[in-house]
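Please look over the structure shown here. Which strand pairings and which covalent cross-link can be read from the model?

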Amino acid sequence: QVQLVESGGGLVQPGGSLRLSCAASGSIRRINVMGWYRQAPGKERELVASITRAGSTNYADSVKGRFTISGDNAKNTVFLQMNSLKPEDAAVYSCNGLIQDNTYLQTRTYWGQGTQVTVSS
């Protein structure tokens, strides 16, 4: 099985920074894409940022220039550096990975449990 575990959420003041981490573990053969999604109360879940195995990145317009996604392929870990946080960035952030497992060689999407980010003074 494959598990994704996030860490790094919390409370931060507007203008502050947080760094989220997501570590994939288990029977992993290949990670194709990893990304971060967020969902605020009463809103649809949205893609925040994603990164491919080759390092290509994609960002939501609302976070461009403020958030940076990066990955460590050797450690199966992806990071989301969030700067200049705004109250509207508050949400549950969930890690997502398109991963091929080493047992059945199946590629599917896996999700972490989510971590809360609160932006408030």
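Predicted model: local features only at pLDDT ≥ 70, side-chain atom pairs only at ≥ 80, totals over all residues.

Q: Is strand E9 largely enclosed or open, and how many of its residues are buried?
A: Strand E9 covers residues 91–101, and a residue counts as buried under 20% relative accessible area.

Q: Which residue stands opposite Tyr 37 in E9?
A: Strand E4 (residues 28–39) pairs with E9 in the antiparallel sense, and 10 bridges join the two. Within E9, the residue standing opposite Tyr 37 is Ser 94.

Q: What is the bridge partner of Gln 100 in E10?
A: E9 also pairs with strand E10 (residues 107–111), again antiparallel, over five bridges. The two strands form a hairpin with five residues between them, and in the turn Leu 105 has a positive phi of about 60 degrees. In E10, Gln 100 has as its bridge partner Thr 107.

Q: Which residue of E11 is the bridge partner of Val 92?
A: Strand E11 (residues 115–119) runs antiparallel to E9, with three bridges between them. The partner of Val 92 in E11 is Gln 116.

Q: What is the handedness of the disulfide between Cys 22 and Cys 95?
A: The sulfur atoms of Cys 22 and Cys 95 lie 2.0 Å apart, and a disulfide joins these residues. The pair links distant parts of the chain, with Cys 22 in strand E3 (residues 18–26) and Cys 95 in E9, 73 residues apart. Cys 22 is buried at 0% relative accessibility, and Cys 95 is likewise buried at 0%. Because the torsion about the S-S bond is about -85 degrees, the disulfide is left-handed.

Technical notes:
Residues numbered from 1 in each chain as written. Heavy atoms only, no water. Buried < 20%, exposed > 50% of the residue type's maximum accessible area, 1.4 Å probe, protein only. Helix = DSSP H or I, 4+ residues; strand = E, 2+ residues; numbered from the N terminus. Pairing = 2+ DSSP bridges. Disulfide = S-S within 2.5 Å.
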